Amino acid sequence: MDPLNRFETPVTFRLLRAEYTVGLLLSAGFMLAHWHDVRWLVAVGMFAYIDIFGYLPGAWAHHRAKGRPIHRGYYVLYNTMHSWLTAGAVVALWGWLVGWEWALLAVPVHLCGDRGLLGNFLKPFGVAFEPKVHPAFTAFEKALAAAPEGPGAARAAREPAADAAPAHRVGAGNAR
């Protein structure tokens, strides 16, 4: 993935999920290592608020819509609540106002679990709120799989073949 090709292949998606799974294991490991110091009611609240405000409203609307599109606001709500920026602000605010505590690790446990275990990242407007393969994505994956591979493939696709006669030659008599 790069700024011009904003997609993941099956391999890069699995690698990305593996990285988040490591984050999940580290966060959960620290929580478990400090089991007796965790305020579990706070931890459950920190884990749950993300889906209570971010996922459940959109899931409810999606299921009520019976296949029709739902309002974009549900996507914005989901993406806002599942953003590391929002999560960081919530954790920082809690740490500042209440104090830093092990229960705050429930936030990275949630986000890393969503991404690592479930493969759920932020939701774009053009896809169903609940996972469903988009026909355009299926066609794209087939076209990508059929494309030539290797570092020269992209250049070859952009440049004319060496034996092709150019449509217009500028300065053909000049040797370089």
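A charge sits over a ring if NZ of Lys or CZ of Arg is within 6 Å of the ring centre and within 35 degrees of the ring normal. These legends describe a predicted model, in which local features need pLDDT of at least 70 and side-chain atom pairs count only at pLDDT 80 or more, while totals for chains, interfaces and linings use all residues. Residues are numbered from 1 along each chain as its sequence is written, and side-chain values use heavy atoms, leaving out hydrogens and water.

**View 1. Two charges over tyrosine rings.** Arg-115 places its charged end over the ring of Tyr-20, 5.7 Å from the ring centre. For Lys-123, the ring below the charged end is that of Tyr-78, with its centre 4.6 Å away.

**View 2. The tilted pair of Phe-13 and Phe-121.** Rings of Phe, Tyr and Trp (its six-membered ring) pair if their centres lie within 6.5 Å; planes under 30 degrees apart count as stacked, over 60 as edge-to-face and the rest as tilted. Here the centres are 5.7 Å apart and the planes stand at 55°, so the pair is tilted. Phe-13 is partly exposed at 27% relative accessible area (buried means under 20%, exposed over 50%, partly exposed in between; 1.4 Å probe, protein chains only). Phe-121 is also partly exposed, at 21%.

**View 3. The stacked pair of Tyr-55 and Phe-129.** With centres 6.1 Å apart and planes at 20°, these rings are stacked. Tyr-55 is partly exposed, with a relative accessible area of 25%, whereas Phe-129 is buried at 1%.
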